[in-house]
Amino acid sequence: MASRFTLKDHFRESRLVNGRLLFAALLSVIVFSVVIVRLVVLQVFEYEHFDSLSDRNRVDIEPLPPQRGLIYDRNGVMLAENIPTFSLEMVPEKVKDMDYTIDALTELMALTDEDVAEFRDRLKRHRRFQQVVIRQRLTEAEVARFSANRHRFPGVDIEGRLIRHYPQANLFSHAVGYVGRINEREMQIIDQQNYKGTLQIGKTGVEKYYEDQLHGTVGYRQVETNVQGRIVRELMSEPSHSGDDLLLNLDINLQRAAAESLTDFNGSVVAMDPRNGGVLALVSKPDFDPNLFVSGISSKDYSALRDSPERPLYDRALRGSYPPGSTLKPFVALAGLELGVVTEQSRVYDPGWYSLPGHQHRYRCWKSHGHGWVNMKDAVAQSCDTYFYDLAHTLGIDRLHQFLDLFGFGHRTGIDIPSESAGLSPSREWKRASRNQAWFPGETLISGIGQGFNQTTPLQLAHATSTLAMRGVMQEPRVVRASRKAGMSEMQLRNTERVNSLPMQDSQHWEAVIDSMVEVVHGQRGTARHIGEDMPINIAGKTGTAQVFGIAQDEEYDAETLERKLHDHALFIAFAPADKPEFVVAVVVENGGSGSKMAAPIARKLIIEHFGLELDEPQPDQ
Amino acid sequence: MNHSLINDRQQRPSWQPSRFVEWLHIDAMLMLGLLLLLGVGLMMLFSAGGQDMGLIYRQLVRLGVAIGVMLLVAQIHPDRMRDSAYWLYGLGLMLLVAVLFFGHEGKGAQRWLDLGFFRFQPSEIMKLAVPILVAAFLAERPLPPSVWRLIVGLLLIGLPAFLIAKQPDLGTAILIASSGLIVIFLAGIRWKVIFAFLGSCAAAAPVLWYFMHDYQRRRVLTFLNPETDPLGAGYHIIQSKIAIGSGGLFGQGWLRGTQSHLEFLPERSTDFIFAVIAEEFGLAGAVLLLCLYLLIAGRGLFIASQAQSSFSRLLAGSISITFLVYVFVNVGMVTGLLPVVGVPLPLVSYGGTSMVTLLAGFGILMSIHTHRRMMSP
């Protein structure tokens with residue numbers, strides 16, 4: 001090491017470093033000269049400009065929130081609009097004594113403790129020069145009362161704002177959804193810049209799914225104000241751009257007919273146009289008034305909605321999980337034909353029950369004396385359970401599950417509304433994974449008639465029926481039909497999504513199953529013949545009754561003695577016209593008893609409404 | 001060279017002010033400049049802080065502590081500093097790592113370490129430890145440094161800078177990195193290397209840009225030009241430009257700045273205090289202040305050129321120039337020349353920790369100047 005050690009040449013080194021020091025000193029002087037030139041520009045050349053800006057005045061930058069897009073039904077009826085209201089707002093940095101101001105305001109405007117607590121919370125999240133809302137929706141009297149006392153509250157003022165209003169109130173509470181105050185979690189997700197000045201954000205339904213389009217883009221203006229905070233002039237502005245208007249596929253007349261015909265039952269009705277997936281009616285009962293949520297729902301109202309045993313906030317159309325019951329049978333029948341397990345002519349003898357080979361347990365048909373010899377058409381039309389026990393047993397759960405999968409059972413439909421549930425189409429793997437149990441053959445039988453583990457949402461039922469009606473053409477359900485850019489007059493149709501085209505080996509299989517569904521409504525012994533007698537168009541349908549309450553082996557189901565919440569769910573699926581389908585409907589009436597008596601008439605009403613028929617109320621035969 | 005200087009002390013024991021100053025290892029010129037600057041700072045703080053005497057008292061206490069630290073540092077012989085460079089750096093590095101795990105959050109960044117009796121930013125140690133260590137390391141061998149020494153030097157700078165940028169405190173990370181890079185520059189690395197380095201940085205930028213997501217690009221753009229974001233970062237800049245511009249040639253007068261007094265200019269007693277100065281004293285006041293900064297740094301550079309070892313020369317040069325970088329980054333931000341990074345105006349902005357470190361740096365300068373041996377050994 002020592003040999004490689006070069007002696008330091010102090011003289012050379014100090015000359016080198018001093019040279020660099022001199023360079024650095026010169027560079028510093030140059031850089032500082034640039035700063036001074038900048039100051040000269042600002043303070044001499046642009047002095048007039050800045051002086052006029054500051055001249056005992058101040059410049060404020062105000063966000064200009066965009067107008068939220070409007071929502072219409074397919075006939076152009078307004079479903080969501082913006083109405084002007086007055087709100088009490090504060091710019092914190094202009095307030096001298098915050099505690100005094102809040103106390104005095106509490107007294108003057110009769111603010112509740114909740115108002116104050118929420119306001120203090122918002123105060124923390126805003127910058128000091130931004131407007132913070134104290135209370136929304138002031139009455140005329142409150143506006144007048146504050147105006148008279150305005151001088152006592154520097155920094156507090158009344159602002160006119162547009163807020164969301166749903167003129168149809170309860171009718172579209174689940175489908176259109178509602179907006180509400182932006183919460184902490186949403187604050188993290190949104191582009192905060194773009195929501196400056198925006199108080200509400202879509203919380204559910206179309207309002208949430210299409211938030212980005214409905215919201216629009218924020219603008220701002222730079223204004224000059226005097227010491228009192230009054231605007232003297234506008235210096236610069238960038239206008240906001242309103243959000244897009246949306247035109248829905250939903251039809252208010254159908255929606256109303258569906259909601260009314262459910263009377264006081266809980267349940268759901270979904271109607272679709274099978275040709276493009278357009279959702280024509282999307283009803284979930286009970287419903288609620290979405291206007292309650294817009295400017296912050298009171299905790300009393302909210303707990304009433306949340307704690308109600310009827311669960312009005314729960315969107316049954318998209319999230320309600322019901323056993324499909326016999327409405328699953330046409331799909332099982334199609335599976336039988338397609339997989340070559342049965343033909344249209346194959347017959348099964350129904351003595352009123354079915355037993356697995358080598359087992360004693362009797363799986364009962366709903367008709368205790370049995371249907372005798374039945375082929376597929378009879379079995380669907382009369383909803384013979386025994387035929388489908390036998391068919392399901394022959395198919396086996398694996399093939400059955402695989403086939404139902406094609407129709408979207410157990411999968412989300414992809415509708416343009418958030419929080420859809422996937423339902424459940426049971427399989428061997430699912431049972432192993434979720435319960436760590438083997439699949440029992442008896443469970444295949446129960447699955448074959450849509451009971452047991454099967455769970456479908458009303459939307460899924462409508463969607464699968466639509467695919468069946470279209471002979472395999474699967475469309476993604478769409479609530480929004482078209483949108484319109486702000487300031488434009490033309491509506492832009494949205495693309496419809498064709499998801500899939502189900503291949504069948506023989507297209508005759510579709511016709512066979514659809515024929516059997518026509519027999520349900522128009523046949524001599526069809527379970528829904530009472531709705532089809534005077535019908536000028538051919539309807540294909542299927543009734544369903546889903547068990548809520550397990551009945552022991554030898555007991556009879558007796559509606560009279562059971563509490564209503566233990567009554568069976570009533571289901572019905574239908575489409576019309578059977579040969580060239582234009583309209584699909586799925587009805588679920590919770591605890592409605594029988595699909596034939598409760599659900600089918602609702603579907604009939606919607607078909608009458610949709611096709612503009614003039615028919616009398618049907619008389620269900622007893 | 002001059003024996004009489006050494007003998008003087010023994011011959012004339014009577015008290016003289018210049019003796020006292022010398023005995024305390026104070027450099028009178030530097031001290032004068034600093035006191036002037038600190039005085040201007042207090043005056044501006046009084047105006048910017050809304051004439052709050054409490055604020056002034058708190059700042060005076062900090063100043064007292066900081067000047068005490070400066071005098072203390074001035075007593076330490078530069079050789080001792082060189083010897084303890086590795087220890088100081090190692091300690092700083094450990095504390096930086098500790099901050100990552102146990103640090104306290106303030107204003108969204110983890111910078112503070114709570115030591116029970118006081119809270120403290122380890123990055124402050126690094127502001128001095130990095131230039132001391134890099135100077136000591138490079139001065140061990142003849143200058144200009146070998147490639148190998150250069151690489152190690154860059155690593156010694158990069159490690160703490162990275163840890164601090166992660167806190168995240170980009171402003172301090174930039175300042176610490178530049179204090180180390182300045183040492184390397186002063187050590188005489190070849191111009192070729194410097195240009196190659198700058199060139200590759202310039203070449204890397206578009207490549208990086210190409211691989212960035214849209215939202216990242218937008219962020220970079222608003223960082224570079226905050227005025228495109230008038231509701232966010234641009235708000236400060238728009239307001240501060242109005243304050244500066246409306247100052248004109250001679251300003252509105254002390255305590256009369258309208259922008260600052262209508263509570264309109266944000267952070268006016270800390271990062272944006274220069275805007276208050278420019279509003280109240282105009283172009284004349286602002287230029288005078290900048291000249292005062294240049295004079296102080298100039299004295300520092302002179303001290304560097306007179307230093308007797310390469311270590312002292314490099315260290316004194318780095319401290320003086322870094323001081324100017326501070327001023328430039330802050331004033332550049334306030335006048336809208338540079339992006340917004342939170343760097344206070346040195347020795348004028350309200351706030352304690354950076355004041356102590358800055359004056360400790362000047363203590364090093366004084367020590368270097370007053371510990372010179374009058375004769376070559």
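**Briefing: strands, cores and salt bridges in a predicted model**

Strand 2 (residues 71-72) and strand 3 (residues 78-90) of chain A run antiparallel and are joined by two bridges. Strands pair if DSSP finds at least two bridges between them. Helices (H or I, at least four residues) and strands (E, at least two) are DSSP runs, numbered from the N terminus.

This is a predicted model, in which local features need pLDDT of at least 70 and side-chain atom pairs count only at pLDDT 80 or more, while totals for chains, interfaces and linings use all residues. Residues are numbered from 1 along each chain as its sequence is written, chains are lettered from A and ligands numbered from 1 in the order in which they are written, and side-chain values use heavy atoms, with hydrogens and water left out.

**Chain A overall**

- Chain A has 20 helices and 23 strands.
- Of its 622 residues, 53% are buried. Buried means under 20% relative accessible area, exposed over 50%, and partly exposed in between (1.4 Å probe, protein chains only).
- Chain A exposes about 28,800 Å², and carbon and sulfur atoms supply 50% of that area. Accessible areas come from the Shrake-Rupley method with a 1.4 Å probe; for residues, only the protein chains shown count as cover.
- Among chain A contacts between residues at least 6 apart in sequence, 72% join residues at least 24 apart. Contact means heavy atoms within 4.5 Å.

**Strand 3 and its partners**

- A:I71 has A:A80 in strand 3 of chain A as its bridge partner.
- Strands 2 and 3 of chain A form a hairpin with five residues between them. In the turn, A:G76 has a positive phi of about 85 degrees.
- Strand 3 of chain A also runs antiparallel to strand 5 (residues 156-165) of chain A, with 10 bridges. A:I83 is paired with A:I163 there.
- Three bridges join strand 3 to strand 4 (residues 132-135) of chain A, again antiparallel. Here A:E89 has A:V133 as its bridge partner.

**Helix 4 of chain A**

- A:V116 lies in helix 4 (residues 113-125) of chain A. It counts as buried because its relative accessibility is 17%.
- Beyond its neighbours within four places in sequence, A:V116 is in contact with A:I102, A:T106 and A:L111.

**Nonpolar cores**

- The largest nonpolar core has 125 residues. A nonpolar core is a set of buried Ala, Val, Leu, Ile, Met, Phe, Trp, Tyr and Cys residues joined through side-chain atoms within 4.5 Å.
- B:F274, B:Y293, B:L345, B:L347 and B:F362 have the most contacts inside this core. Helix 14 (residues 273-306) of chain B gives the most to it, with 17 residues.
- Leaving aside neighbours within four places in sequence, the contacts of B:F274 include A:L39, B:L289, B:V334 and B:L345.
- A second, separate core of 121 residues includes A:Y210, A:L248, A:M376 and A:L445.

**Nonpolar surface patch**

- A:F23, A:L27, B:W191, B:F195, B:F197 and B:L198 form a nonpolar surface patch with about 600 Å² of accessible area together. Patches are made of residues with over 30% relative accessible area and no salt bridge: like charges are joined within 9 Å, nonpolar side chains (Val, Leu, Ile, Met, Phe, Trp, Tyr) within 5 Å.
- Helix 1 (10-45) of chain A and helix 10 (191-211) of chain B each supply at least two residues of the patch. Helix 10 of chain B gives the most, with four.
- B:F195 is in helix 10 of chain B. It counts as exposed, at 53% relative accessibility.

**Salt bridges**

- Over all chains, the structure holds 27 salt bridges. A salt bridge is a side-chain nitrogen of Lys or Arg within 4 Å of a carboxyl oxygen of Asp or Glu.
- A:R120 and A:D99 meet in a salt bridge (3.1 Å, N to O). The pair links distant parts of the chain: A:R120 is in helix 4 and A:D99 in helix 3 (residues 98-109) of chain A, 21 residues apart.
- A:R120 is partly exposed at 34% relative accessible area, and A:D99 is partly exposed at 46%.
- A:D385 forms a salt bridge with A:K329, with the closest N and O atoms 2.5 Å apart. A:D385 is in helix 15 (residues 385-406) and A:K329 in helix 13 (residues 329-338) of chain A, 56 residues apart. Both A:D385 and A:K329 are buried.
- Salt bridges that share partners join A:R68, A:R164, A:E207 and A:E211 into one network.
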